Amino acid sequence: MKRVGPLVFEKDLNAPSARVAAISLLALLLAFSAAALVFLAYGVNPAQAYRTIFIETMLSPSGFAEGVRRAIPLLLIGVGLVLAFRVQFWNIGAEGQLLLGAVAAAGVALFVPLGAPFKLLLMFAAGFVAGGLWAALPVLLKLLLGVNDVLTTLMLNYVAVYLVGWLIHGPWRGKSALGFAYSDKFPAAATLPLIPGTYVHWPTLLLALLAALGVWVVLARSGWGYLLRVVGDNPEAASYARLPVFATVLSVGLAAGGLAGFAGVGEVAGVHGRLLDAYQISLGYGYTAIIVAWLARGNPLLAVATALFMGLVFASGDVMKISLQMPFRVTDVFNGLILFFLISTERLLYYRVRWRPRRERD
Amino acid sequence: MTEAKHLLSLKNVTKRFPGVVAVDRMSLELPGGEVHALLGENGAGKTTLVNMLYGFYPPDEGEIIWRGEVRRLRSPQEAIRLGIGLVPQHPLLVRAHTVLENLALGMPSAFFFPTRGLERRIARLVERYGFRFDPNAYVWQLSEGEKQRVEIVRALLQGAKLLILDEPTSVLTPQEASELFKALEHMRNEGKTVVFISHKLEEVLAVADRISVLRKGRLVGTITAAQASKEQLARMMVGREVNFQRSKPPARTGRIVLELHNARAKNDRGLPALKGLSLELRQGEILGIAGVAGNGQRELVEIVTGARRLESGRATINGIPPHSPRRPRIGHVPEDRRRQGIVPNLSLAENLVLHDYYKPPFSRGPLLNYREIYTFAAAQIKRYHIEPPAPTAPARLLSGGNLQKLILARELYGRPALIVAVHPTYGLDVSATEMVHDLLIKSSREGAAVLLVSEDLDEVMALSDRIAVIFDGGIVGEAAAHKADRGRIAMWMAGVVS
């Protein structure tokens, strides 16, 4: 028991969902309060700024659709990270896995002569495999040699960024690019349809929602999901019971990387229509999805809500740029602050806070 | 106050934990200039006693008297200030720092250049006691023995007059151990008092002036080493009285289930742990493995359950090697039930189907059938009297006894051919102990072969049909339980084979 002024903190490892929700909201509130200082530094009234952002994202159809568009890769990756974090695979490399998915999809789009539906199907399959293998590498290093997965996954992101850079400057540079560094435009058979009047590539959105639902069912109801929860919660007991720990963690790595690969396919086939610079393909979705998974507290269905929320934060970047004359990258400050406060309030989950003013000492 | 006769005395010290009395009205007197050994098995109360002396927690009753004054130690810092030093079993050093920096951590030193002047003092101590280590080496470069010497030097630098060593030889090679003993003697001759905790009889006899034997939280007696014999200590350690008698129908043994022949295996540190061990276990019987901890029990269990491979020799269960995926089902009640036996955040029901979740009726294709799982769990919970009787409660909420019932309910399901139970009643209360014993007897009488590994000789005597004593990686003696003589078993446990 600890006392801070009139508040008493009691340890309670059983965190009820109401407390989890309250603490998560507290973290968001703190993050937006801290971000208010950034607005002040730009000479913008924070209250006015938040009002503008709210109106132009939540209440304007086109603003909201932009939020949804950004939520698509966040949801796909976030659902994969929910799986990965469950088995203690600390995947910070979804950004790279996304890029590999984009590269594989671009390869199919540009060089495989196939008809309309099959071309897209093959692009998604190739993207899943490429993202999955990119994630399998650090998983194998961790399982076989005990190499820290946070470092390897993070560093492989940079390898992926330079791989994309080499392709668009070198072998895949478009004939029509006129000195710019990007590939040729994908043929029509390799681009995804949009919801009319928006930039939302709905097949990927559908895929992401199905992934969230599917992973939820798999975790709660399937034998593989059971195995995954056992391995994540107590690997020692799992190996005592002779459960296949190695195969389980590896398959989770493949699935998580594969879902990030899907996200990469969606971005190039649904948004850009070509392979271009890594920092244009992804706004840092692989990193932001960590917040999506963390906020969702390991629940893939909740990730739908948290992905939309973070998607709207990205959409607010457009608002800030156009209506408030601030740089788009202020969204990075938002992301950083949200993650910072989420992690720093984590310990509070395991304490019950009570109001108990100090009385006379007895 | 007159000059106190003793450096430290304990008067009727008692410490209770939920469900157990860890230390029960213990009185002890330690004069200056003595090496005093605390001898006892796991769970005898040695560690609890030390933790009270070092200020980790206060005794519930009784007094700790330091140099004639009653003291209430509230923290290790207070113990250090008085002059009590502890060398923990597992070194508590910062791996990324040098030895010198680690030693400076425990000292009241300057904020800048904290290691200045320390080097000379360390060199003096090192020279005096013959400790060898490089003060500028990083801790991660040191061997376990060197880390221990650093811990000793730290305690001495802090001015310890009473030095407590918790199982110091468990991490040492024989050569390192004899060097340690020499240093301890040297300290004793300088007037320091050393409390030496161990469960190894030989080394206690070799190094101690007096020996106090602890058993189940009580002090059995204190004798001078010169008058003690290994046999006498072994008897004191395991006790003479039979506390409980289990009624069991006579064993009707069948064919051989478990067979080990000349089995050799290494432990985690690569040292030989099993040195040509052979045993046979038949259907319908309970074979009790008695022995002092650390004589190869853990490696034996790991070989039998398939978690470790043999270096040479043979091990089979119904003719199949234990690590083979085709080997028959084993019911394994592991040593550390909380870490090895359960998945803490999964429900009781999910824990109960750990081995069978993929089989019908618990699974249909890739999906689990939770209705069947919960029905099964509810029946098992009722049958084994697991509290709380809630299939959805997470397993981490269970008490030790209920946890063990949960593990037994899971491990005995499906009638395993072989049951391996390691310290199955360690830390359990009387009623849970009785239930565990009854279940093991019942399973064996229904045809299972039961391998019982326990340090509690009472338990081994009461449950087993045959008793085998393990010492130094081999079976040194075997006897039918009804004919077994306690004294002789105690001698075997001490490694005395006549």
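What is the relative accessible area of A:Leu144, and does the residue count as buried or exposed?

Guide: A:Leu144 is exposed, because its relative accessible area is 59%; the class "exposed" begins over 50%, "buried" means under 20%, and "partly exposed" lies in between (1.4 Å probe, protein chains only). The model is predicted, so that local features need pLDDT of at least 70 and side-chain atom pairs pLDDT 80 or more, whereas totals for chains, interfaces and linings use all residues. Residues are numbered from 1 along each chain as written, chains are lettered from A and ligands numbered from 1 in the order written, and side-chain values use heavy atoms, without hydrogens or water.

A:Leu144 lies in helix 5 of chain A, which spans residues 116–145. Helices here are DSSP runs of H or I with at least four residues, strands are runs of E with at least two, and both are numbered from the N terminus. Together with A:Leu137, A:Leu140, A:Leu141, A:Leu145 and A:Phe246, A:Leu144 forms a nonpolar surface patch with about 550 Å² of accessible area. Helix 5 of chain A supplies the largest share of this patch, five residues. Patch members have over 30% relative accessible area and no salt bridge; nonpolar side chains (Val, Leu, Ile, Met, Phe, Trp, Tyr) are joined within 5 Å, like charges within 9 Å. Areas follow the Shrake-Rupley method with a 1.4 Å probe, and for residues only the protein chains shown count as cover.

B:Leu157 lies in helix 5 of chain B, residues 144–157, and counts as buried because its relative accessibility is 7%. Beyond its neighbours within four places in sequence, B:Leu157 is in contact (heavy atoms within 4.5 Å) with B:Leu103, B:Met107, B:Arg121, B:Ile122 and B:Leu125. Between the C-alpha atoms of B:Leu157 and B:Glu144, 13 residues apart in sequence, the distance is 20 Å.

The two chains also meet each other. Chain A contributes 17 residues to the contact and chain B 28 residues. The area buried between them, that is, the accessible area (1.4 Å probe) lost on being put together, summed over both, is about 2,000 Å², with 52% from carbon and sulfur atoms. On the chain A side, A:Tyr226, A:Tyr240 and A:Arg242 lose the most area to chain B, together 33% of what that side buries. Two salt bridges are counted between the chains, each defined as a side-chain nitrogen of Lys or Arg within 4 Å of a carboxyl oxygen of Asp or Glu. A:Glu236 and B:Arg339 form a salt bridge at 3.1 Å, N to O.

Key:
Buried area is the accessible area (1.4 Å probe) that two parts lose on being put together, summed over both.
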